[in-house]
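Dear colleague,

Please have the two side by side as you read.

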Amino acid sequence: MAKILIASDIHGDAQTARTLLQRYEESGAEKLVLLGDILYHGPRNDLPAGYAPKRVIELLNSVKDDILAVRGNCDTEVDQMVLSFPVLAEYAYLSFDGLRIFATHGHNFNIAKLPPLGKGDILLHGHTHVPAAEPFGNENIYINPGSVSIPKENSPKSYILYENRCFSFRTLEGEEYKRVEM
């Protein structure tokens with residue numbers, strides 16, 4: 001049985017990263033999965049209010065052994081030089097509680113450009129900054145935690161807490177607003 005906190009698109013926002021790590025600690029999760037775009041905001045996004053990438057580096061490196069991260073479109077080799085955990089993998093296969101999950105950022109693999117998935121597999125990605133849980137394909141489901149720093153389409157700053165085959169969508173304040181049971 002796994003308990004995992006899943007977040008995406010921090011974009012260098014230190015205030016958000018600090019709050020996210022508080023939620024992680026409070027949750028008792030054993031892993032923190034980051035779906036890319038960790039340090040920089042990119043040319044299409046406004047600068048987050050708490051933009052301080054050097055502080056984000058410090059915060060995340062303090063829990064480096066707990067993090068599993070994939071590379072976002074705003075992440076570069078330079079980021080790997082300052083972060084103490086791997087950040088350059090395009091995707092990761094996760095398997096727990098009988099679920100198979102393809103975790104990626106979403107700019108290369110997504111609903112329109114599918115990775116190899118088996119029947120019932122989960123496609124987990126960020127990138128859009130919009131939370132989602134939608135069935136597709138061969139009994140597959142697409143799950144997106146949204147963005148913890150720069151939410152879009154009137155969605156809240158959000159993350160997912162996974163436990164017992166349940167994806168609990170939560171605001172950055174920790175309030176559950178959606179639940180998806182598998």
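A salt bridge here is a side-chain nitrogen of Lys or Arg within 4 Å of a carboxyl oxygen of Asp or Glu. This is a predicted model, in which local features need pLDDT of at least 70 and side-chain atom pairs count only at pLDDT 80 or more, while totals for chains, interfaces and linings use all residues. Residues are numbered from 1 along each chain as its sequence is written, and side-chain values use heavy atoms, with hydrogens and water left out.

The structure holds eight salt bridges, and one of them joins the side chains of Glu77 and Arg71, at 3.3 Å from N to O. Arg71 counts as buried (under 20% relative accessible area, with exposed meaning over 50% and partly exposed in between, using a 1.4 Å probe and protein chains only), because its relative accessibility is 16%.

In another salt bridge, the closest N and O atoms of Asp121 and Arg100 are 2.5 Å apart. Asp121 is buried at 8% relative accessibility, whereas Arg100 is partly exposed at 44%.

Glu163 and Lys3 also meet through their side chains in a salt bridge, at 3.8 Å from N to O. Glu163 is partly exposed, with a relative accessible area of 31%, and Lys3 is buried, with 19%.

Finally, Leu20 is in contact (heavy atoms within 4.5 Å) with Leu5, Ala7, Ile10, Leu34, Val148, Tyr159 and Leu172, leaving aside its neighbours within four places in sequence.
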